Amino acid sequence: MRRAQQLGRYHLLDRIAFGGMAEIYRARTFDAHGTPHLVAVKRVLAHLAEDDDFIQMLIDEAKIASVLRHGNIARVYEFARAHGEYFIAMEHVDGKDMRTVLERCRTKKKPIPAEHAGYIAAEIGAALHAAHSAVDSRGRPLRIIHRDVSPSNIICSYAGEVKLCDFGIAKATLSRVSTKTGVIKGKVKYMSPEQALGRKLDHRSDVFSLGSCLYEMLTRIPPFTATNEMDLLIKVRDAKYRPVSELTPGIPIELEQITDRCLTRSRANRYQTAAEAEGDLRVFLRKYMPNYSRSHLGRFIRKMFATEIERELRMLEEYVMADDVSEDVGESLMIKDEDFEPPEVPFQPKPTSVSIIAAREASAGEARDDFSGDSNFTTMPKVEQREDIHQQNTVILESGRGRSAPPTSPPPGRGKGPTKPPPPPPARAPTRGQAPPVKPIYDDDLHSAPTMIIDIGRMKRGRS
């Protein structure tokens, strides 16, 4: 058994990503009803904890992502400090990022099929448009620019959902850390020409980066490559690349044209909004594969990573919580001001907490709504329970004993409501010298038999 490490409200399980600034863990936590949930926790590396600008950048990321509520954007719950460490807690998307998917495709020497690439790009286009058009509580535009749209920030779930994440260097009116003119932030390989030149950006820069991701999905290689960063910057600035159809013959011409329009050097000739790019991608999908749905993508991802899925499930079963779970949930660093109100964090470190349950008893429905959405598969499944059945006491009946009296008829004057099922027939008494029959706990023959619909009237007519 592996023991989970507690960090604030969360119990860290396996590490799923590692970078130069932070490491990301899969973590388990609980809501006010004691239901367990999986979340992702980005823990800041120790040597950056003293960097005030970096910490402020993470606060900006948490602020920006927490106000975005869209099915294609991974949610952020909080940025906090607990046990001397800084971390961001966010939605856990049960799947693989596009960088990992592309690496597997390169290993198999097969590009992502056109229908999947088009669907993924359309979903990210929807996410970008939601971010670009977001407003604050007063209806003022937030003017969010992601600035880091790249395969590592696109996650495809095993259920076929597509999520955009990591607004770490996003620019918005909520940001406090300003970028100086001429300073370049982001992954050069997926930058727009204006971003590579250090110019002032608008939302069309993200559209170009979306085109770079779509190009790589269709060809297995990025549109711009070089042996050093300076040469790469020049290639991105010039926006010259080999045609998609030259690298992958047979790609639908409509999809190649969409890619080319995203990757146009001139902002005026590019898609003016991410919604425009999304719209053309949806039109392509309806024409190329009319019955396409996200389940098609889910099957593709699950088949590609079947071995990893089994290993991850076995690993998660090995983790246990510490015996002494601390109630310390940490200190929230998302300070409330006139332009921003941090969201309430619906998690707690223990399966049950009398204080939290009592505080939210009156608004239990609202607490549940905080988890409602398109991403139920990323948490423990929700099951609608029948209170009239599941709240009854368990009774063990011996053969021939404990029989209930037949149900009484409903009083006259009442409408016909649901009736209780009739009691089981009494067990046949055993003959003298014969041991009473023992009812098996589980009958394999019974449970493996096919389900049949029997016409009782026809059976009676056949006997007569």
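Let's begin with strand β6 (residues 76–82) and strand β7 (residues 85–91), which run antiparallel and are joined by 6 bridges. One of the pairings to look for is Val-76, whose bridge partner in β7 is Met-90. Keep in mind as you click around that this is a predicted model.

Helix α1 (residues 52–66) packs on the sheet here, touching β6 and β7 as well as β5 (36–44). The direction of α1 makes about 150° with that of β6.

## The seven-stranded sheet

Zooming out, β6 and β7 belong to an open sheet of 7 strands with antiparallel pairing, in the order β2-β3-β4-β5-β7-β6-β12. At the edges stand β2 (5–7) and β12 (331–332); each has a single partner strand, so one side of each is left without a neighbour in the sheet.

Another helix to find on this sheet is α11 (residues 306–317), which lies across β3 (10–18), β4 (22–30) and β5. Helix α11 runs at about 60° to β4.

## The three-stranded sheet

There's also an open sheet of 3 strands, ordered β8-β9-β10 and again paired antiparallel. Here β8 (95–97) and β10 (162–164) take the edge positions with a single partner strand each, which means that one side of each has no neighbour in the sheet. From one strand to the next, the twist averages 25°.

Between β8 and strand β9 (residues 154–157) there are 3 bridges, and the two run antiparallel. Helix α2 (residues 98–108) lies across β8 and β9, at about 85° to β8.

## A buried threonine

Now for a single side chain: is Thr-259 buried or exposed? Thr-259 has a relative accessible area of 0%, and because the cut-off for buried is under 20%, this residue counts as buried.

Thr-259 sits in helix α8 (residues 253–262). Leaving aside residues up to four places away in sequence, Thr-259 touches Gly-211, Leu-214, Tyr-215, Leu-218 and Val-244.

## The whole protein

Overall, the protein has 16 helices and 12 strands. Of its 464 residues, 44% are buried. The accessible surface comes to about 27,000 Å², with 52% of that belonging to carbon and sulfur atoms.

As for how the chain contacts itself, take the contacts with a separation of 6 or more: residues 24 or more positions apart account for 69% of them.

Key. Residues numbered from 1 in each chain as written. Predicted model: local features only at pLDDT ≥ 70, side-chain atom pairs only at ≥ 80, totals over all residues. Heavy atoms only, no water. Pairing = 2+ DSSP bridges. Helix = DSSP H or I, 4+ residues; strand = E, 2+ residues; numbered from the N terminus. Axes fitted to C-alpha atoms, helices over the stretch in contact; angles between N-to-C directions. Contact = heavy atoms within 4.5 Å. Buried < 20%, exposed > 50% of the residue type's maximum accessible area, 1.4 Å probe, protein only. Areas by Shrake-Rupley, 256 points an atom, 1.4 Å probe, with all protein chains shown as cover.
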